[in-house]
Amino acid sequence: MNDQQAMQAALEEARKGLAEGGIPIGSVLVKDGQIIGRGHNRRVQQNSVVLHAEMDCLENAGRLTAADYRDCTLYSTLSPCDMCSGAALLYGIPRVVIGENVTFMGAEAHMRERGVSLTVLNDAECIELMRSFIADQPTLWNEDIGV
């Protein structure tokens, strides 16, 4: 599985979130070329303060060993926020692939400083999905990013 294929799976998750009335951000966790976890932002759907896409994805992957996490790549349609970046750092995920960081710049500098390899695709579909959502739901978006 290459980066584009994994990002397409993350985009599928983002679309699920939007269809459920939530925020269209998706994430997948890949180990040895296989998706072992997937999730999407479910803060609205679950009335949760922490269910960002990456957190949902990690939760759905289940308990893994530290060695397992060191062999994973985390994919997210949007640049991970401080909370989600912190989870990647906590579990020692060495690589994060970001769909886009145009509409929101997360804690990329902090992850790089801590040795995480970042790839930013700036995928047109990821950008358009978030631009449309932010224009349609600015209050909900601001709530999600803590503004």
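Contact means heavy atoms within 4.5 Å. This is a predicted model, where local features need pLDDT of at least 70, side-chain atom pairs count only at pLDDT 80 or more, and totals for chains, interfaces and linings use all residues. Residues are numbered from 1 along each chain as its sequence is written, and side-chain values use heavy atoms, with hydrogens and water left out.

**Exercise 1.** Find which residues of H3 and H5 meet.

Solution. 
- Step 1: Locate helix H3 at residues 53-61 and helix H5 at residues 82-90. Helices are DSSP runs (H or I, at least four residues), numbered from the N terminus.
- Step 2: From H3, take Glu54, Met55 and Leu58; they meet Met83, Cys84 and Ala87 of H5.
- Step 3: Sort the residues of this contact: 5 are nonpolar, none polar and 1 charged. Ala, Val, Leu, Ile, Met, Phe, Trp, Tyr, Cys and Pro count as nonpolar, Asp, Glu, Lys and Arg as charged, and the others, Gly among them, as polar.

**Exercise 2.** Is Gln45 buried or exposed, or in between?

Solution. 
- Step 1: Read its relative accessible area, 24%.
- Step 2: Apply the cut-offs: buried is under 20%, exposed over 50%, partly exposed in between (1.4 Å probe, protein chains only). Gln45 is therefore partly exposed.
- Step 3: List its contacts, leaving aside neighbours within four places in sequence: Gly17, Glu20, Gly22 and His40.

**Exercise 3.** State how far Gln45 lies from Ile25.

Solution. 
- Step 1: Along the sequence, Gln45 and Ile25 are 20 residues apart.
- Step 2: In space, C-alpha to C-alpha, they are 13 Å apart.

How values were computed: Axes are lines fitted to C-alpha atoms, for helices over the stretch in contact, and angles run from 0 to 180 degrees between N-to-C directions. Helices (H or I, at least four residues) and strands (E, at least two) are DSSP runs, numbered from the N terminus.
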